[in-house]
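Subject: The model, and what turned up in it

Hi,

Here is the structure I said I would pass on. Have a look at it first, then read my notes below.

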Amino acid sequence: MKSMEDLKALRDKLKNTVDIRQSDENKTRVVVGMATCGIAAGARPVLAAFTEEVARRQVRNVTVGQTGCIGICQYEPVVEVHQPGKEKVTYVNMTAERAVQVVNSHIINGNVVGEYTIGSYTS
């Protein structure tokens with residue numbers, strides 16, 4: 001940063017990313033498990049992929065955030081999608097590529113990606 005204008009330009013550029021993380025009960029919430037088990041299994045790229053795809057697609061009714069341990073470590077990385085008036089959907093064994101698919105199929109088009117949900121996996 002060389003000037004106050006540079007700082008303001010950076011703030012304006014990053015403002016949409018910050019807005020994605022703000023919570024609102026009427027918005028869809030995407031929550032990525034980011035406890036030690038999740039991070040070790042690859043949750044950081046999953047969180048980044050959700051955040052980047054939501055921003056890239058300019059989806060304004062979605063917040064992307066993180067939480068601690070969700071409690072099903074053997075299925076990490078775990079992602080929960082909470083939509084107003086609908087049951088929570090839990091995605092397991094997520095990857096960055098799967099995250100992009102979930103944004104496009106589930107978040108934008110309303111089609112749960114069943115093969116990635118907790119119900120499709122058995123221990």
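Which residue in strand 3 is the bridge partner of V32? In this model, which is a predicted one, V79 takes that place.

Some housekeeping before the rest. Residues are numbered from 1 along each chain as its sequence is written, and side-chain values use heavy atoms, with hydrogens and water left out. As the model is predicted, local features need pLDDT of at least 70 and side-chain atom pairs count only at pLDDT 80 or more, while totals for chains, interfaces and linings use all residues.

**The overall layout**

The protein has four helices and four strands, and along the sequence they come as α-β-α-α-β-β-β-α. Helices (H or I, at least four residues) and strands (E, at least two) are DSSP runs, numbered from the N terminus. Of the 123 residues, 36% count as buried; buried means under 20% relative accessible area, exposed over 50% and partly exposed in between, with a 1.4 Å probe and protein chains only. Among contacts (heavy atoms within 4.5 Å) with a separation of 6 or more, 62% come from residues 24 or more positions apart.

The four strands form an open sheet in the order 2-1-3-4, with mixed pairing. Strand 2 and strand 4 (89–91) are the edges, each pairing on one side only. On average, neighbouring strands are turned by 20° against each other, direction ignored. Angles here run from 0 to 180 degrees between N-to-C directions, and axes are lines fitted to C-alpha atoms, for helices over the stretch in contact.

Two strands pair if DSSP finds at least two bridges between them. Going across the sheet:

- Strand 1 and strand 2 are parallel, with six bridges, and V30 stands opposite V64 in strand 2.
- Strand 1 and strand 3 run antiparallel and share four bridges.
- Strand 3 and strand 4 are also joined in the antiparallel sense, by three bridges, with V81 and V89 as bridge partners.

Strand 1 (residues 28–33) is largely enclosed by the rest of the structure, because five of its six residues are buried.

T63 sits in strand 2 (residues 62–67) and counts as buried because its relative accessible area is 4%. T63 and T51 are twelve residues apart in sequence, with 8.5 Å between their C-alpha atoms. E80, in strand 3 (residues 79–82), is buried too, since its relative accessible area is 12%. The E80 side chain makes a polar contact of 3.5 Å with that of K88. A polar contact is a pair of N or O atoms within 3.5 Å; within protein, one must be able to donate a hydrogen and the other to accept it, and residues adjacent in sequence count only if both atoms are side-chain atoms. Leaving aside neighbours within four places in sequence, the residues touching E80 include R29, I70 and T90.

Helix 4 lies across strand 1, strand 2, strand 3 and strand 4, at about 170° to strand 4.

How do the two helices meet? Helix 3 (residues 43–56) and helix 4 (residues 96–108) pack at about 35°, with their axes 8 Å apart. On the helix 3 side are P45, V46, A49, F50, E53 and V54, and on the helix 4 side A96, A99, V100, V102, V103 and N104. By class, that contact has ten nonpolar, one polar and one charged residues. Ala, Val, Leu, Ile, Met, Phe, Trp, Tyr, Cys and Pro count as nonpolar, Asp, Glu, Lys and Arg as charged, and the others, Gly among them, as polar.

E53 belongs to helix 3 and is buried because its relative accessibility is 6%. Not counting residues up to four places away in sequence, E53 touches V100, V103 and N104. The side chains of E53 and R56 are joined by a polar contact of 2.8 Å.

Over in helix 4 is H106, buried because its relative accessible area is 1%. The H106 side chain makes a polar contact of 3.1 Å with the side chain of Q83.

Cheers
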